[in-house]
Amino acid sequence: MMRDIKVAFGGVKALDGVDVDINEREIIALMGPNGAGKSTILKALFGIYNTNAGIIKLRGNIIHPVPHEIVHLGISFVPQGRQIFKSLTVRENLEMGGVIIKNKKAVDERIEEVIDIFPALRIKLNHKSGSLSGGQQQMLAIGRGLMTDPKLLLLDEPSLGLSPKMVKEVFMKVKEINEKRGTAIVVVEHNIKSILTIVNRAYLLDKGKIIKVDTPDNLISSGILEKVFMGHYKE
Ligand code: ADP
Ligand code: MG
């Protein structure tokens, strides 16, 4: 839960008093034009950016997120642009995701579980991850985020640069992770039509403020999406 979160860079207000609730086992989307503040919400939640005001609570307790501590609290972040280590193998990337796990056997077990979700990665385990397709690299980035078995997964633009077919596949996986593992997921997306088919609720942002929170059906029927994106949003 985030209340009245403010983040500014110099004089620029990236977030201007934002409230976000994430319930257990829920998928929510953060949508809005470029520069609206979507990534900043994820980064504030993960402790990459400091907040200038507001509180963040996890299961009722106020927290002050710092990335290496927040993973221990069950939160994982998959950044925009994937940020996998291309010169390392798929296995090595997954191991990086599991660095906080002390015992080697437990890391191997987690890799098995991740590969159960993304079977296409199995035959690629010892390949350099730079050799994977864009879709496979995104699967790997998400898989790396799952290594700590998070309760909450933060995904920033997972569909970026992928073909429509791959986008669909990635979103199916996101849904599957949510349903099978009960992982709560916050996904930032510009691919509004597709993401609305898998989320419970969506937050619509503009210029650092939340202008609407609703179910996908209500957002679509209200016509507000067109209004917000018109003039800002370039296909
Ligand atoms: P979105 O993800 O919705 O496209 P962001 O959250 O990345 O938007 O950015 C929101 C605003 O904050 C933008 O005006 C952006 O330029 C600014 N911003 C984000 N990160 C930084 C940063 N590290 N330094 C300066 N300005 C930033
Ligand atoms: Mg962004």
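# Salt bridges and the ligand shell

User: What makes R110 and D149 a salt bridge?

Analyst: The closest N and O atoms of R110 and D149 are 3.9 Å apart. A salt bridge needs a side-chain nitrogen of Lys or Arg within 4 Å of a carboxyl oxygen of Asp or Glu, so the pair qualifies. The pair links distant parts of the chain, 39 residues apart: R110 is in helix 4, and D149 in the loop between helix 5 (134-146) and strand 7 (152-156). Helices (H or I, at least four residues) and strands (E, at least two) are DSSP runs, numbered from the N terminus. This is a predicted model, in which local features need pLDDT of at least 70, side-chain atom pairs count only at pLDDT 80 or more, totals for chains, interfaces and linings use all residues, and side-chain values use heavy atoms, without hydrogens and water. Residues are numbered from 1 along each chain as its sequence is written, while chains are lettered from A and ligands numbered from 1 in the order in which they are written.

User: Is R110 called buried or exposed, and why?

Analyst: Buried, because its relative accessible area is 9% and the term covers values under 20%, with exposed over 50% and partly exposed in between (1.4 Å probe, protein chains only). D149, at 39%, is therefore partly exposed.

User: What else does D149 pair with?

Analyst: R181 forms a salt bridge with D149, with the closest N and O atoms 3.0 Å apart. R181 lies in helix 6 (residues 164-181), so this pair ties together parts that are 32 residues apart in sequence. R181 has 30% relative accessibility and counts as partly exposed. Through shared partners, salt bridges join R110, E113, D149 and R181 into one network.

User: Why is K104 called exposed?

Analyst: Its relative accessible area is 56%, so K104 falls in the exposed class. K104 forms a salt bridge with D108 at 3.0 Å, N to O. Both lie in helix 4 (residues 104-117), four residues apart, about one turn of the helix. D108, at 29%, is partly exposed.

User: How do you know that T40 makes a polar contact with ligand 1?

Analyst: A side-chain N or O atom of T40 is 2.5 Å from an oxygen atom of ligand 1. A polar contact is a pair of N or O atoms within 3.5 Å, so T40 meets the definition. A polar backbone atom of G37 lies 2.9 Å from a ligand oxygen, and for a backbone N or O atom of A36 the distance is 3.2 Å.

How values were computed
A polar contact is a pair of N or O atoms within 3.5 Å; within protein, one must be able to donate a hydrogen and the other to accept it, and residues adjacent in sequence count only if both atoms are side-chain atoms.
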